[in-house]
Amino acid sequence: MPATQSPGDIIVQVNNLTKSYGKFRAVDSISFEVRTGEVFGFLGPNGAGKTTTARILTGVLKADAGSALIFGYPAGSIRAKQSIGVVPETANPYADLSAWDNMMLMAELYGVSGHTARERATEFLRELGLLERRQTLAKGYSKGMRQRLVLGMALIGDPQILFLDEPTSGLDVQSARLLRGLLRTFNDEGKTIFITTHDMEEANQLCNRIAIISHGKIAAIDAPEKIKLATKNLHSVEVSFDRPVEAASVASLKGVNSMKEAGDKFKLYTTDPGSLASLLVHYAESNSLRIVTINTLAPSLEDAFVTLVGEGAK
Amino acid sequence: MSTFAIYLHQLSRIWAIAKKNIRIYYAKGPVVIFGVLLPVFLFLSFIIGRQLSASVMVPGLLGMAIFFTANAISPAVAPWETQARTLERLMSSPVTIPTIVLGDILASFIFGVAISLVPLAIGLALGVSIAAPFVLALAIILAAICFSSLGLMFSALPTSQPSNVMMLSSVIKFPLVFISGVFIPLNELPAWGQAISYISPLTYFVDISRHLMQGAGQLPILLDFMLLLAFTLLFTSLAIVLHQRTMPRRI
C-alpha cells in the first residue's frame, strides 16, 4: 500500500503519454497530474482518447511512449493496481455469480481477508441499495443495479483513488444520483477520483479540476469555473422589453460583441456584462421602454467545451 | 510490500481465478455430463467389435478422457469473458496476465483430473491392476497440466466468439487423438505412424499408462515422463507469452 498521502500530494503523474492504434494516434503526448483529494474529470468527445488514457492508467493497456505513475509506481504494476479501484466503461459483474460472490471474488483478488471482506461487502451493498438482493445472480439485475455493483466491487479493496470511465452513462436518474452521491461521500473522506464523462453537468458538479481532451491532446486543464472564465466572450446579458425594438439599435450598444434573438429576448455577448447591463437600463429609459427581464449569464461548461473542442464535437 | 510478498499473493489470486472459473464455467451439470460422455462414447465407437482386453482398452480411454476434458472448456474462457465484458475488470485488478492464465489452467486441470477418475474407476471395476498407482497419479497430474495449457494456447486467439476458438481447437485435437496410440498401440503402428505419434504429448501419457496397466510400453517410462514434462513446460510458457500479447487486444 502507498505511504500516507497528504492533501495536495501528487497521486497520478502523467508525462508525454502516447498511444496509437495503427496509424491512429489515440493519445498524443499528454501530460497532467492528479492530486490527493481531487475529483479530476476527463471530458471529451467520442474518440478523443479518454478511455484509452483511463485504460493505460488502470493497467489494461500499455502506452507506446511516455510515463504514467500512480503513487510513484508505474501504471499497470501490481503495486499501482493494488491502490486503485476501477469502474471500467461498459463493464459487467459476473452474471452467473451473485452480488455477494462478485464482491467476495474481488476481495480475494485484492487480497482482502475474509472478515474484513464480509464487513465491507455488507456495508457497501447496503449503501448501494443491494443488500436485500445480495444472493440474486447478477444476471437478474437491471443495468443500474449492475453498475452499482461494479462500483461496490471497485471499493472493496479500500482504494485511495477511484478510476471511473463514464460511470453514469445510460443509467436511470435514480441510479445515477445514487452513484454520484456515493462518489461525493468517497471524496469527502479525502480520497481521490479520476472520472471520464460526456456529461457536462456531471463534470461541473463533481469535479475540482477538468481536463478537456480532443484528438488525443489536452485542450484545457483547470477548475470548471476557471475554464468557463477563460472563454470571456461567452458572457452574456439576456434582456427583454415591453414592446418590439429594432435589433440593430440594441446590437450597436457599446461592448456588445455579438447578439442572438431568442423569442422576445435578446442575448448579447460581451466581455463586460455589468457595464452592458447599465447601458441597457439607460437605453430603455432614453427610448421610453420598460425592461421586462434582464439577466447576466456566465458561460456554461458546455459553451466552454464547444469553444475549446470545436462546434459539433460535443 | 516486498517483491517476494507480491509474488506470494499472486499464488492466492491464481486460486481465486481458478475457483471463479470452476463455479462459472465448469460446475454445471451439462458440462460435467458432456465431459464424461464424449470420451466414453468416442472410445466405445472404436473398440466395439474388437477383441481387446480391459488392460489394453483402459489406458487409451484414460488418455482420451484427460485429453478431451482438460481442454474442453479452457479455450473458450477468454472469449466468453471478452464477450461478457468481465475481462477488463479482471485485468485491472492487482493480478498479472500470467496469473490469469495460470488460474485458467488450474481450473481446467482440476476438471481434467476429476473427470479422469471415471475411466479409472471403470478400469478398476473391469479388473485392471495398476503397477504403481502413485506413478500413474503423477502422470495424470502432469498430463492434465499439459493438456490444459494446450487449451489455453488456443484461447490466445483474440476473439470474442467462442465458436472460432472451439473450431481451431477441434481441428487440432481430433487428429492428435488418432496418432497418439489411443486406439492402436504404438508397437502395432507402421514406422511412419510411430514417427508422427511422437509429436503428440498424448502419446507419452498413453505409453506411461500402458507401462503401468499392461506391463509394457513402447518407450522407456522415464523418457515418457521427460517428454511429457517438456511439452508441459513448452505449452504453459507459450500460453503465457501468447496471452501477454493478445489479451490487451481483447479490450
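A residue counts as buried when its relative accessible area is under 20%. That cut-off runs through this briefing on a predicted model.

**Helix α10 of chain B**

- Twelve of the 13 residues of α10(B) are buried, so the helix is largely enclosed by the rest of the structure.
- The buried residues are B:Pro201, B:Leu202, B:Thr203, B:Tyr204, B:Phe205, B:Val206, B:Asp207, B:Ile208, B:Ser209, B:Arg210, B:Leu212 and B:Met213.
- These buried residues pack against α3 (54–70), α6 (97–125), α7 (133–154), α8 (162–178), α9 and α11 (221–250) of chain B.
- An α-helix has 3.6 residues a turn, so residues three or four places apart point the same way.

- B:Ser200 caps the N-terminal end of α10(B). One of its side-chain oxygens lies 3.2 Å from the backbone nitrogen of B:Leu202.
- Just after α10(B) comes B:Gly215, with a positive phi of about 85°.

**A glycine in helix α9**

- B:Gly193 sits in helix α9 (residues 191–197) of chain B.
- Its relative accessibility is 9%, so B:Gly193 counts as buried.
- B:Gly181 is twelve residues away from B:Gly193 along the chain, and their C-alpha atoms are separated by 9.5 Å.

**Aromatic rings in chain A**

- Over all chains, the whole structure holds 18 aromatic pairs.
- In A:Phe32 and A:Phe40, the ring centres are 5.2 Å apart and the planes meet at 10°, so this pair is stacked. Stacked requires planes under 30 degrees apart.
- A:Phe163 and A:Phe194 make a tilted pair, with 5.2 Å centre to centre and 45° between the planes.
- A:Phe163 lies in strand β7 (residues 161–165) of chain A, and A:Phe194 in strand β8 (residues 192–197) of chain A. The pair therefore ties together parts that are 31 residues apart in sequence.
- A:Phe163 and A:Phe194 are both buried.

Terms used
Residues are numbered from 1 along each chain as its sequence is written. Chains are lettered from A and ligands numbered from 1 in the order in which they are written. This is a predicted model: local features need pLDDT of at least 70, side-chain atom pairs count only at pLDDT 80 or more; totals for chains, interfaces and linings use all residues. Side-chain values use heavy atoms; hydrogens and water are left out. Rings of Phe, Tyr and Trp (its six-membered ring) pair if their centres lie within 6.5 Å; planes under 30 degrees apart count as stacked, over 60 as edge-to-face and the rest as tilted. Helices (H or I, at least four residues) and strands (E, at least two) are DSSP runs, numbered from the N terminus. Buried means under 20% relative accessible area, exposed over 50%, partly exposed in between (1.4 Å probe, protein chains only). Contact means heavy atoms within 4.5 Å. A polar contact is a pair of N or O atoms within 3.5 Å; within protein, one must be able to donate a hydrogen and the other to accept it, and residues adjacent in sequence count only if both atoms are side-chain atoms.
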